[in-house]
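Reader: I would like to learn how to read a pair of packed helices and the pairing of a strand. Could you take me through one case?

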Amino acid sequence: MNITTNNTYQSDIQNASAQSIDWQQLSGKTILISGATGMIASVLIDIIMYRNEHEQQNTRIIAVSRSEDKAKARFKQYWDSPYFRWLSHDITQQLPELGEVDYIFHAASNTHPRAYATDPIGTITANVQGTYSLLDYAVKHKCKRFLFFSSVEIYGENRGDVDKFDEKYLGYIDCNTTRAGYPEGKRLGESLCNAFASQCKQDFVIGRFSRVYGPTMMEDDSKAIAQFIRKAAAGEDIVLKSEGNQLYSYTYVVDAAAAALYLLLCGQSGEAYNIADVRSDITLKDLAQLLAYEAGTRVIFELPDAVEKAGYSTATKAILDASKMEGLGWMAQTHIEEGLAKTVQILKES
C-alpha cells in the first residue's frame with residue numbers, strides 16, 4: 001500500500017493542510033522543492049497537493065530529485081497532475097531553465113550516519129554547491145523567498161553552559177573529521193544564504209530542524225530512531241548501540257513539514273528558527289523502551305560496526321529552544337508517544 005492511501009497518514013495531511021497560515025500567498029504560485037523524495041520534502045508535497053485537490057490552491061510544484069523510479073513510486077498519484085512536475089537532477093550542478101519560481105525549499109542532503117560515513121563528499125556538496133546552485137537560480141529568477149533546511153547539528157556539542165540551544169548558541173565541532181561534513185556543510189549553507197542576501201538582495205529564511213522521525217523515513221536511514229522504528233514495526237527486539245543516555249529533541253515529520261510552511265509564509269527575512277516539539281525531548285534509552293513496549297518486545301544492546309560508528313554524532317545533549325518558532329503560531333500537534341505509535345502503525349499497514 002502506498003503511504004498516501006493510509007488513513008492515519010491522510011488524516012495527518014488533512015490536519016496539516018487546515019493549519020491557520022495565509023495559504024493565499026501560495027495560490028497560483030510555483031514552488032521548487034529539492035530532495036523531493038526525502039523525509040520532510042515528500043510530506044510538504046503531499047500537503048500542498050492535498051490543498052490543490054480539496055481547496056483549489058492551484059500551487060505548482062517542481063519536485064527535484066535524482067531517482068525516477070523512487071519518485072514515480074512515491075508520487076505516482078500526482079504524476080499526471082498539471083500542478084506537479086518532476087525533474088531528475090543532481091542539485092550540485094547548475095539547474096536547467098525551469099521558468100519563474102516563486103519559492104524554493106532546499107531540502108536535499110544526506111541526513112543519516114551511514115551516508116555521512118560512506119558519502120562524505122556528497123554530504124558536503126549538497127549543502128554547499130547545492131545551496132549555491134539554487135540561490136543562484138533564485139536570484140536570476142527573482143524568487144520571493146528561499147528556505148534552507150538546516151539542522152540542530154550546526155550547534156555542535158553542548159559546552160555545558162546552557163540547558164537548551166537558542167538560535168544564537170554556538171557549540172564545539174571538531175572540523176577535522178569525516179563526520180563534521182554534515183554540520184559544517186549546514187553552517188556554510190547558512191552563510192551562503194546570508195552572502196546572497198547581502199550581495200544580491202535575495203530573501204531567505206532558515207529552519208533548524210531537530211531530529212525528525214515518521215513514516216516517510218527512508219529504508220536505508222541509519223539514525224538510531226529509524227532503526228528502532230523499523231524493528232518495532234517488524235515486531236523485533238529494539239537494538240540499542242550505546243548506553244542510551246543521549247538527550248535529544250524530536251519532531252514528528254508532519255509537524256516538521258507544517259513548520260516549513262509557517263517559516264516560508266510567516267518567518268522574518270534573514271532569520272533562523274529552531275523547529276522542535278517541546279513535549280518530545282527524550283533520551284535514546286527511553287525512546288527505545290517506548291518502541292519496545294509498542295512492539296511487545298525488549299531492548300537489547302549491540303556494538304555498532306565501524307562504518308556506522310564513524311557517522312555517529314558525539315553530542316550527548318542537544319535540546320532546542322523552539323519559542324521563536326512558536327511565536328509564528330506554529331505548535332507541534334503530535335508528541336513523541338503518539339508519533340511513535342502512529343509511525344509504527346502506518347509502516348505496518350503500508
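Author: We begin with the helices and then turn to a strand. This is a predicted model, in which local features need pLDDT of at least 70 and side-chain atom pairs count only at pLDDT 80 or more, while totals for chains, interfaces and linings use all residues. Residues are numbered from 1 along each chain as its sequence is written, and side-chain values use heavy atoms, with hydrogens and water left out.

Reader: How are α8 and α10 placed relative to each other?

Author: Two packed helices are described by the angle between their axes and the distance between the axes. Here the axes of α8 (residues 224–233) and α10 (residues 284–295) come within 9 Å and cross at roughly 15°, so the two helices are roughly parallel (angles under 35 degrees count as such).

Reader: Which residues make the contact?

Author: With contact meaning heavy atoms within 4.5 Å, α8 contributes Ala224, Ile225, Phe228, Ile229 and Ala232, and α10 contributes Leu284, Leu287, Ala288, Leu291 and Ala295. Of these residues, ten are nonpolar, none polar and none charged.

Reader: Is strand β9 mostly covered or uncovered, and which strands does β9 pair with?

Author: Strands pair if DSSP finds at least two bridges between them. β9 (residues 247–252) is mostly covered, with five of its six residues buried (under 20% relative accessible area, 1.4 Å probe, protein chains only). Three bridges join β9 to β7 (residues 211–213) in parallel, with tyrosine 250 as the partner of arginine 211. β9 also pairs with β11 (residues 281–283), antiparallel over three bridges, and runs parallel to β13 (residues 317–318) over two bridges. Tyrosine 248 stands opposite isoleucine 282 in β11 and opposite alanine 318 in β13.

Terms used. Axes fitted to C-alpha atoms, helices over the stretch in contact; angles between N-to-C directions. Helix = DSSP H or I, 4+ residues; strand = E, 2+ residues; numbered from the N terminus. Parallel < 35°, antiparallel > 145°, perpendicular 65-115°, else oblique. Nonpolar A, V, L, I, M, F, W, Y, C, P; charged D, E, K, R; others polar. Buried < 20%, exposed > 50% of the residue type's maximum accessible area, 1.4 Å probe, protein only.
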